[in-house]
Amino acid sequence: MSERFYLTTPIYYPSDHLHIGHAYTTTVADSLARWHRFAGRDVYFVTGSDEHGQKIQRAAAAKGITPQAYVDEIVASFKHLWNEMNIEYDDFVRTTDHRHHEAVQAVFQRIYDQGDIYKSSYEGWYCTPCETFWVENRLVDGNCPDCKRPVELVEEESYFFRLSKYAPRLLEYIEEHPEFIQPETRRNEMVNFIKSGLEDLCVSRTTFDWGIPVPFDDKHVVYVWFDALTNYLTALGYPHDGEMMDRWWPANLHLVGKEIMRFHTIIWPIMLMALDLPIPETVFGHGWLLFDSDKMSKSKGNVIDPVVLIGEFGVDPIRYFLMREVSFGQDGNFSRKALIERTNADLANDLGNLLNRSLSMLNRYFNGVVPEPLAAPNAVDQALIDYADNLGASVDGLLKELKLNEALSRIWQLVGKANKYVDERAPWNLVKLEDQSELSSVMYNLVETLRIIALLVQPFLPETGAKMWAQLGLEGLETKGLEDAVWGGLASGTQTVKGDPIFPRIEIDKDKAKGERAQEPKPKPSPKPTLKEAEGVLISIDDFMKCELVVAKIMEAEPLKGADRLLKLQVDIGAERRQIVAGIAKHYAPEDLVGMHIVVVQNLKPAKLRGELSEGMLLAATSPQGKLELVTVSPDIPAGSRVK
Ligand code: ME8
């Protein structure tokens with residue numbers, strides 16, 4: 001590996017807000033960037049947003065705003081999310097940036113000038129969600145083979161890029177550079193795709209205008225993937241900044257999801273060949289984060305919003321889960337239960353507890369001051385020392401091979417070994433000996449192990465590393481490097497500062513009702529309010545009337561088995577009887593509810609709570625003391641009366 005490292009994430013579509021799947025790629029990229037910086041490499045880490053194309057233009061039109069206003073707002077939410085997740089990128093390329101516009105036009109012009117772009121007419125199929133052209137024989141049941149959604153027939157004059165001409169050269173390149181397409185299974189897929197025949201690619205559109213104009217023919221806008229892929233050059237100042245290009249190109253790693261490998265390993269290298277630029281070292285196509293074994297997607301209504309999760313659990317549990325739970329390259333499952341179990345087991349029990357118990361003992365035996373390692377190490381000490389001493393180098397080796405979860409697992413083996421070491425060396429027995437030298441050594445070894453763990457963990461979990469460093473009484477974490485993660489760097493005499501546990505356990509019981517609800521596929525969420533809408537919500541009377549509020553008489557009420565917050569109600573809403581499951585068990589006894597005339601939303605989409613159908617929602621307010629009270633009307637108002 002070269003000692004400079006240019007890595008990128010995909011630039012995401014601001015057609016909607018980002019979900020945990022996008023956070024996955026970017027967290028991995030950020031951790032790799034932080035690691036390589038820590039290991040002394042010169043790193044350039046770029047992300048961005050892919051703002052042109054038919055999909056975005058349509059999404060903006062549906063909202064009745066300009067595409068620019070639409071993307072500006074969503075891109076701001078991307079940056080907010082990256083900030084919340086402690087993502088430290090060096091550049092953020094927006095494809096609406098002027099510099100990108102220039103780069104794309106230069107690329108298009110150059111390839112045109114040397115004869116690899118020509119004008120013809122296109123007649124074929126287009127998948128707008130994937131922004132992909134398809135020839136008929138690749139369709140599956142007439143739908144997009146990737147996302148299975150319907151395709152549209154497109155007939156228009158277009159510019160074409162001679163992909164087919166480059167197929168033999170690309171195949172040869174892939175064969176000679178096994179590191180280019182990773183993991184290997186994806187390489188085989190790509191090779192088969194190329195061998196099955198490459199068609200020239202349509203690289204301009206005329207039927208909409210939200211894009212970068214073709215420099216010599218402004219009836220056409222550049223095809224969105226041709227536009228988007230160029231971002232990796234825009235970040236280096238192409239075509240103006242030769243110095244940046246010399247320093248960073250070719251990229252070392254394009255990190256992408258498996259579904260966009262074709263663009264990055266076929267179209268992109270051929271564009272580069274046509275430009276006479278070198279091909280990136282590696283494109284790694286990771287697997288998908290699934291939700292209950294299903295692909296997350298807005299249309300399925302099963303996306304997880306990372307901002308909500310961060311609010312509940314903090315950033316590092318989420319960063320850790322994403323990188324540790326999924327075997328990098330393969331698909332992996334996200335579930336709230338697995339997130340909580342990982343956090344409790346690895347972060348609270350193993351790491352948090354190790355720090356806590358070690359510093360408690362150090363406080364008790366040495367007033368929190370790191371002692372001298374006085375006694376010569378025995379075999380048990382030496383095993384710990386050797387493992388800790390070599391760990392940095394072995395993690396570095398694993399990360400060079402992009403074995404992310406193995407790298408974390410290797411670090412957590414040290415956490416496990418250190419916990420076992422405490423039990424084996426039992427400082428509480430050593431303190432009883434007249435000679436305190438063994439106790440000194442054991443305590444030194446423990447705190448030194450913690451120092452090495454803090455250093456190695458911080459590229460993955462920046463907040464955790466910093467908290468550990470502070471409790472160990474150390475300073476200047478940001479100036480430390482991999483060379484500091486070797487045995488013996490801790491100075492005796494350091495005054496540690498034990499603090500609160502760094503990862504409080506999450507009580508599964510408390511989370512249970514919430515968790516189970518969260519894991520049930522939700523009905524499709526309505527689009528999020530825009531920032532403006534969320535600030536001072538003014539709705540029209542028509543909006544209000546969409547919500548059908550009616551008086552309901554409670555006929556029966558009973559507790560729901562296994563859910564101590566929930567009651568199951570049968571209510572009369574005039575025309576029919578409905579079942580409603582409501583979280584009011586802590587506030588009302590079932591027998592007190594029967595006969596009450598309450599207000600419910602009758603046209604809410606039904607949901608299942610704890611396996612029970614709930615067909616409506618009741619209105620209630622909560623007092624400052626936390627007491628919940630149902631909104632009621634007098635029994636004179638019959639069930640079914642509209643409330644407005
Ligand atoms: O494809 N699991 O943008 P996009 C894992 N604009 N990763 C996921 C994921 C999931 N469930 N969902 C999304 C585009 N991703 C183009 C890219 S690049 C020149 C242009 C991640 O917003 C993953 O990295 O659809 C995937 O490739 C990317 O988001 C797709 O983001």
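**Notes on a predicted model**

1. Start at arginine 262. Leaving out residues up to four places away in sequence, arginine 262 touches Thr132, Trp134, Asp146, Met190, Phe193 and Ile267 (contact means heavy atoms within 4.5 Å). Arginine 262 sits in helix H10, residues 261-275. Helices (H or I, at least four residues) and strands (E, at least two) are DSSP runs, numbered from the N terminus. Is arginine 262 buried or exposed? Arginine 262 is buried, because its relative accessible area is 14%. The cut-offs are: buried under 20% relative accessible area, exposed over 50%, partly exposed in between, with a 1.4 Å probe and protein chains only.

2. A word on the source. This is a predicted model, in which local features need pLDDT of at least 70 and side-chain atom pairs count only at pLDDT 80 or more, while totals for chains, interfaces and linings use all residues. Residues are numbered from 1 along each chain as its sequence is written, and side-chain values use heavy atoms, with hydrogens and water left out.

3. Now the whole chain. The protein chain has 22 helices and 26 strands. Its C-alpha atoms fill a box of roughly 90 × 80 × 40 Å along the principal axes. Of the 644 residues in the protein chain, 52% are buried. Take the contacts with a separation of 6 or more: 75% of them join residues 24 or more positions apart.

4. Next, the domains. The protein chain is divided into domain 1 (336-391 + 423-484) and domain 2 (539-643). The bounds come from an automatic or database domain assignment. Between the C-alpha centres of domain 1 and domain 2 the distance is 54 Å.

5. Look at helices H14 and H15. H14 covers residues 379-400 and H15 covers residues 404-425; their axes come within 9 Å and cross at roughly 170°. H14 is therefore roughly antiparallel to H15. On the H14 side, the contact includes Val380, Leu384, Tyr387, Leu391 and Leu398. On the H15 side, Leu404, Ile411, Leu414, Lys417 and Tyr421 are among the residues taking part. What kinds of residue make up this contact? The contact of H14 with H15 has 14 nonpolar, 2 polar and 6 charged residues. Ala, Val, Leu, Ile, Met, Phe, Trp, Tyr, Cys and Pro count as nonpolar, Asp, Glu, Lys and Arg as charged, and the others, Gly among them, as polar.

6. Leucine 402 lies in the loop between H14 and H15. Leucine 402 has a positive phi of about 60°, although it is not a glycine. Leucine 402 counts as buried, because its relative accessibility is 9%.

7. Compare aspartate 141. Aspartate 141 is not a glycine either, yet it has a positive phi of about 50°. Its place is the loop between strand S5 (132-134) and strand S6 (152-161). Is aspartate 141 buried or exposed? Aspartate 141 is exposed, at 75% relative accessible area.

8. H5 (residues 163-176) packs against H6 (residues 184-195) at an angle of about 160°, with the axes 10 Å apart. So H5 and H6 are roughly antiparallel to each other (over 145 degrees counts as roughly antiparallel, under 35 as roughly parallel, 65 to 115 as roughly perpendicular and the rest as oblique). Their crossing is left-handed. H5 brings Ala167, Leu170, Leu171 and Ile174 to the contact, and H6 brings Arg187, Val191, Ile194 and Lys195. By type, the contact of H5 with H6 has 6 nonpolar, no polar and 2 charged residues.

9. Check two cis peptide bonds. One joins tyrosine 238 and proline 239, with omega about 5°. Proline 239 is in the loop between helix H8 (231-234) and helix H9 (242-248). Another runs from tryptophan 249 to proline 250, with omega near 5°. Where is proline 250? Proline 250 is in the loop between H9 and strand S12 (253-257).

10. Finish at proline 590. Proline 590 is found in helix H22, residues 590-593. Proline 590 counts as buried, because its relative accessibility is 19%. Setting aside neighbours within four places in sequence, proline 590 is in contact with Ala557, Glu558, Pro559 and Leu567. Proline 590 and glutamate 556 are 34 residues apart in sequence, and their C-alpha atoms are 7.9 Å apart in space.

Technical notes:
Axes are lines fitted to C-alpha atoms, for helices over the stretch in contact, and angles run from 0 to 180 degrees between N-to-C directions. A crossing is left-handed if the near helix is turned anticlockwise from the far one by less than a right angle, and right-handed if clockwise.
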